[in-house]
Amino acid sequence: MSAEAQSPAGPVPGQAAEVRPYSEGRRVGYGLLWTAWTVVLMIAGFTMMGQSTVFGGLLALALSALAGRYAWRIWTWQAKRLIFFIVF
């Protein structure tokens, strides 16, 4: 713990305020999109594993892990850029 008291009024003079690379609305929209991709790929992976399509199931689960990692980065403001990805 630091000995200095934190000011609830805002940033300390001389310090730059934290800059967000994108808006809150875009973060929520893209976060929901990538979370949906994660869920869809997980369901597909387990369904394929149940139907004895092992390679396809493992591939879908690996892709869901990558999508989930990116969704986590969006939700925690760690993503530098937002990627829009929809397949019709």
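The model is predicted, so local features are reported only where pLDDT is at least 70 and side-chain atom pairs only at pLDDT 80 or more, while totals for chains, interfaces and linings use all residues. Residues are numbered from 1 along each chain as its sequence is written, and side-chain values use heavy atoms, with hydrogens and water left out.

Let us begin with the overall layout. The protein has two helices and zero strands; helices (H or I, at least four residues) and strands (E, at least two) are DSSP runs, numbered from the N terminus. Of the 88 residues in the protein, 23% are buried. Here buried means under 20% relative accessible area, exposed means over 50%, and partly exposed lies in between, with a 1.4 Å probe and protein chains only. Among the contacts with a separation of 6 or more, 67% are between residues 24 or more positions apart, a contact being heavy atoms within 4.5 Å.

Now to helix H1. Its 27 residues reach 39 Å from the first C-alpha to the last, close to the 39 Å expected at 1.5 Å a residue; the expected span is 1.5 Å times one less than the number of residues. The buried residues of H1 are Arg27, Tyr30, Gly31, Leu33, Trp34, Trp37, Thr38, Leu41 and Gly45, and what covers them includes H2. After H1 comes Ser52, which has a positive phi, near 65°.

Gly56, Gly57, Ala60, Ser64, Ala67, Tyr70, Ala71 and Ile74 are its buried residues. Looking down the axis of H2, these buried residues fall within an arc of 145°, so they line one face of the helix; the arc is that of the directions from the helix axis to the C-beta atoms. The face turned away from this buried side carries the exposed residues Phe55, Leu66, Arg69 and Trp72. H1 is included in what covers the buried residues of H2. Trp77 follows H2, and its phi is positive, near 60°.

Next, the core. The largest nonpolar core has 12 residues: Tyr22, Tyr30, Leu33, Trp34, Trp37, Leu41, Ala67, Tyr70, Ala71, Ile74, Ala79 and Leu82. Such a core is a set of buried Ala, Val, Leu, Ile, Met, Phe, Trp, Tyr and Cys residues joined through side-chain atoms within 4.5 Å. Two or more core residues come from each of helix H1 (24–50) and helix H2 (54–75), and H1 gives the most, with five.

Because Trp34 lies in helix H1 and Tyr70 in helix H2, the pair ties together parts that are 36 residues apart in sequence. Both Trp34 and Tyr70 are buried.

A few other residues of H1 deserve a look. Thr38, in helix H1, is buried, with a relative accessible area of 13%. Not counting residues up to four places away in sequence, Thr38 touches Ser64, Ala67, Gly68 and Ala71. A polar atom of the Thr38 side chain lies 3.1 Å from the backbone nitrogen of Gly68.

Arg27 is in helix H1 too, and it is buried, with a relative accessible area of 9%. Leaving out residues up to four places away in sequence, Arg27 touches Tyr22, Ile74, Trp75, Trp77 and Leu82. Its side chain makes a polar contact with the side chain of Glu24 (2.5 Å); a polar contact is a pair of N or O atoms within 3.5 Å, where, within protein, one must be able to donate a hydrogen and the other to accept it, and residues adjacent in sequence count only if both atoms are side-chain atoms.

Glu24 itself is in helix H1 and, at 43% relative accessibility, counts as partly exposed. Glu24 and Trp75 are 51 residues apart in sequence and 9.9 Å apart in space, C-alpha to C-alpha.
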